[in-house]
Amino acid sequence: MAEARATILVVEDEPEIRRFLRSSLGAEGYRVVESASGRRGSIDAQTHKPDMAIVDLGLPDVDGTEVIRHIRSWSAMPILVLSARTHEKSKVGALDAGADDYVTKPFGVGELLARVRAALRHAVRGGSGGTVLELEAATVDLERRRATRGGEEIRLTPIEYRLLACLAKHDGMVVTQRHLLAEVWGPTHVEDTHYLRIYMKQLREKLERDPVQPRHLITETGVGYRLMLDE
Amino acid sequence: MDAKGNWAGYAWAVGATGACTLAGFAMAPRFDLVNIAMVYLLAVVFVALRYSRGPAVATALLCVATFDFTFVPPAGTFTVEDVQYVFTFAIMLAVGLVISRLTEDARAQAREQARLEIAAETERIRSALLASISHDLRTPLAVVSGASSSLAEGGERLSGEERTALARSVFENAREMSEHVAKVLQMTRLETKAIEPDRDWAALPEIAASVLRRLSERLASHRLLVEVPHDLPLVRVDAALIEQALANLLENAARHTPPGTVVRLRAQPRGGELVVSVEDYGGGLPDAELERVFAKFQRGATEPSVSGMGLGLSICRAIVSLHGGRAWAERIPEGGTAFRFTLPLEPAPSMPAEATVP
């Protein structure tokens, strides 16, 4: 595995949380660099050039969002946010500032590692996800704009293809509503969230085995959507 | 009484005296002076009942002066010919003082009563909070410290399987405590109105799917039936809050009904509202409990040992009423309880139609 020896920068002020991140990430074969403050994190990111960063949003010295902006100003490394706040706005704020995904505290290590893997995989591929999506009940070829379900051809609209392509580009990671609306409908439609609700419903009807309990087109309530493909 | 109330009182003193004088003029040709005095007395009583002592005394003095000047012979002077009118004046003043005093006492008593009631309610919530913290946090804390200390001190003597089981119970109990704390904080925020719902168009099936995904482990012990039509109309809500309200209902059902029983999640539009229901088949609550379970820190009276701070349902109700909906519980004929809430439906926004790719 190419990503197994990846270096991960952990920016977190709580020593106990750093300790368990160090041991669980270390057990998976990652090299861990720790920063106990936001300022230190911004510096360590430049000196250590890690493959990805995990940034706590509730840092005492600077807002985690500032650290994200700082890293984003010179690097495209994946950034995963640890958010203790239940408020969705702070997550969306961090994602808008350039973070790629988030995990809400308290979290299990399984969830964290899945996010880390998705982020690193995405970085390695350079954001060009596979163009053929193998879903539980359907197969979609994004490049040829062909979709089949149970051997039968099904039809998606151009917007449905664009929406699915945008999610597939970030597969496994959350994509904010604003991002999806801007990318698919254009910057003048970033407030038209009902477009997303309606189109996600259509996509689930066409592609999911059970559209009410979807396996692939996942809602992150108040934040955005996530395309989950089987690992 | 505050200054503003006092000014209104003095205004009433002048107004009432004027009105009595007008009435007095109308009565004078046919009534005894004593009866006109009674009308003035009425004004004194009226002001004394509504305002504090100052306006009451002012009314009495004004009434006495006006009555004397206008009606008591010789009219047009403050001279009093008949000594009995001095007696009338004394009575008027006394009535004003006595009534304003009585009214003030009654008001003070009512204020004290209200203060005591608030204090009693605060005390009740505080002791219920303490009781629930001691039960709902102390038990898992004991598990966490016990299990983790056996891991830390005797880890190498335990089998791999035992170690995993201990570690897992630390994880589960810690997560439970963290959820409890989050609920207490959330209830406090809702009570102090620190939450402003961030409304947006949302699809209830998406909210339901997200909840079911999040609670899949917790609900695995029950037989879950989901009857949420995929084409429900959109609602304008704070989706994260509604997700929490729904999660609390489902958690409540899983926690308070026996494993293996059915939990049914339903949603349907009905008369301008969306009705969301979580129905369980756990035997049903007694009628007296149906409303009581929504009170803060209340769990079913019959099952004090089941954990859960009993905050879930009151949080659900607070969130739903923040959105202009209602939340309630009712018995269902098959021997269970339905917890329902409504969300108002608004005309859906339009969106441009699109043709499919050929």
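1. **Reading the labels.** Residues count from 1 along each chain as its sequence is written, and chains are lettered from A, with ligands numbered from 1, in the order in which they are written. As the model is predicted, local features need pLDDT of at least 70, side-chain atom pairs count only at pLDDT 80 or more, and totals for chains, interfaces and linings use all residues.

2. **The sheet of chain A.** Follow the strands in the order β2-β1-β3-β4-β5 of chain A: five of them form an open sheet with parallel pairing. Helices (H or I, at least four residues) and strands (E, at least two) are DSSP runs, numbered from the N terminus; two strands pair if DSSP finds at least two bridges between them. At the edges sit β2 (31-35) and β5 of chain A, each pairing on one side only. On average, neighbouring strands of this sheet are turned by 20° against each other, direction ignored.

3. **One pair in detail.** Strands β1 (7-11) and β3 (52-56) of chain A run parallel and are joined by four bridges. Look for A:Val11, which stands opposite A:Val55 in β3(A).

4. **Helices on the strands.** Helix α2 (38-48) of chain A packs on the sheet and touches β1, β2 and β3 of chain A, its direction making about 165° with that of β1(A). Helix α4(A) lies across β4 (79-83) and β5 of chain A, at about 165° to β4(A). Axes are lines fitted to C-alpha atoms, for helices over the stretch in contact, and angles run from 0 to 180 degrees between N-to-C directions.

5. **Two domains.** Chain A is divided into domain 1 (2-125) and domain 2 (132-227), with bounds from an automatic or database domain assignment. Eleven residues of domain 1 of chain A are in contact with seven of domain 2 of chain A (C-beta atoms, placed from the backbone, within 7 Å). On the domain 1 side, α4(A) gives the most, with five residues.

6. **Where the chains meet.** 29 residues of chain B are in contact with 24 residues of chain A. The largest share of the chain B side, seven residues, comes from α7(B). Eight of the eleven residues of α7(B) are buried, among them B:Leu204, B:Ile207 and B:Val211.

Definitions and conventions: Contact = placed C-beta atoms within 7 Å. Buried ≥ 20, exposed ≤ 12 C-beta atoms within 10 Å, placed from the backbone.
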